[in-house]
Amino acid sequence: MKKKIYFDMDGTTAAYHQAVEKLVPDLHKIKTEDEYIEKVIIPHFGGDLFINLKPLPLYHYINRYNHEVLEMALLADICFVSFIGHHIHSLNSLRNKRQWLFNHNLDDYSEFIPLIGKYEDRALLSDKNSLLFDDNSYTIELFIENGGQGVIVDPSVTETTEEGYQKFKTIINTFLRN
């Protein structure tokens with residue numbers, strides 16, 4: 001069975017958290033899902049928020065690995081997963097996230113899997129031949145409990161480094177060879 005590598009988008013390959021913090025300075029004060037919908041989703045998800053997200057280091061590592069090794073996309077299905085939600089701007093979020101993948105040349109060798117339910121739905125993708133990179137430790141725990149492997153990505157790391165790339169390369173190579 002072909003292996004699958006899942007990359008979360010928001011906060012893992014694209015700088016979602018940094019963008020939202022600039023748009024909503026009092027983001028840290030939001031305590032409920034209803035508040036988040038009112039202060040973040042309704043005013044900002046209808047525009048180009050997702051198209052304009054800056055790539056995080058993981059994006060650069062994915063591209064470099066594919067150009068250097070050309071092995072990841074041949075030995076594994078590459079999938080980008082992202083929560084688009086179930087709100088007034090879900091369709092716009094879906095379009096913009098697909099456009100982001102296209103704009104960053106990731107759509108040629110990957111699949112986009114939009115998630116409408118809860119973040120925990122990523123765990124449903126898990127099996128012994130799957131690996132998930134995500135910035136949410138709870139999601140990673142659930143993914144591992146369901147038989148997959150997981151890597152927690154720190155969304156505050158915004159600089160690409162050789163050490164970071166070598167670590168990424170080791171994780172991918174180990175996963176593909178086991």
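This is a predicted model: local features need pLDDT of at least 70, side-chain atom pairs count only at pLDDT 80 or more; totals for chains, interfaces and linings use all residues.
The lining of the second largest pocket is made up of 12 nonpolar, three polar and three charged residues.

The pocket itself holds about 400 Å³ of space. Its lining counts 18 residues, and those closest to the centre are Tyr61, Val153, Asp154, Gly164 and Lys167. Three elements each supply at least two lining residues: helix H3 (57-68), strand E5 (149-152) and helix H7 (162-177). Helix H7 gives the most, with five residues.

Let us turn to the aromatic side chains. Across the whole structure, a search finds 12 aromatic pairs. In one of them, the ring centres of Tyr16 and Phe45 are 6.4 Å apart and the planes stand at 80°, so this pair is edge-to-face. Tyr16 belongs to helix H1 (residues 16-23), while Phe45 sits in the loop between helix H2 (33-44) and H3, so the pair ties together parts that are 29 residues apart in sequence. Tyr16 and Phe45 are both buried.

Another pair is formed by Tyr65 and Phe168, whose ring centres lie 6.1 Å apart with planes at 90°, so it is edge-to-face. Here the link joins distant parts of the chain, with Tyr65 in helix H3 and Phe168 in helix H7, 103 residues apart. Both of these residues, Tyr65 and Phe168, are buried.

Here are the two pairs side by side:

| Pair | Distance between ring centres | Angle between planes |
|---|---|---|
| Tyr16 and Phe45 | 6.4 Å | 80° |
| Tyr65 and Phe168 | 6.1 Å | 90° |

Tyr65 and Phe168 are also members of one aromatic cluster, together with Phe7, Tyr61, Phe80, Phe133 and Tyr165.

The charged end of Lys97 sits over the ring of Phe50, at 4.4 Å from its centre. Lys3 lies over the face of Phe175, with 4.6 Å to the ring centre.

Both Lys3 and Phe175 turn up again around Asn129: this residue touches Met1, Lys2, Lys3, Lys4 and Phe175, leaving aside residues up to four places away in sequence. Asn129 itself is found in the loop between strand E3 (110-115) and strand E4 (130-134). Its relative accessibility is 13%, so Asn129 counts as buried.

Note on methods:
Residues are numbered from 1 along each chain as its sequence is written. Side-chain values use heavy atoms; hydrogens and water are left out. On a 1 Å grid over the protein atoms alone, a cavity is a set of points where a 1.4 Å probe fits but cannot get out, and a pocket is an open set with protein on both sides within 12 Å along at least five of seven lines; lining residues have an atom within 4 Å of a point. Grid points are joined across faces, edges and corners, and a volume is the space filled by probe spheres set on the points. Helices (H or I, at least four residues) and strands (E, at least two) are DSSP runs, numbered from the N terminus. Ala, Val, Leu, Ile, Met, Phe, Trp, Tyr, Cys and Pro count as nonpolar, Asp, Glu, Lys and Arg as charged, and the others, Gly among them, as polar. Rings of Phe, Tyr and Trp (its six-membered ring) pair if their centres lie within 6.5 Å; planes under 30 degrees apart count as stacked, over 60 as edge-to-face and the rest as tilted. Buried means under 20% relative accessible area, exposed over 50%, partly exposed in between (1.4 Å probe, protein chains only). A charge sits over a ring if NZ of Lys or CZ of Arg is within 6 Å of the ring centre and within 35 degrees of the ring normal. Contact means heavy atoms within 4.5 Å.
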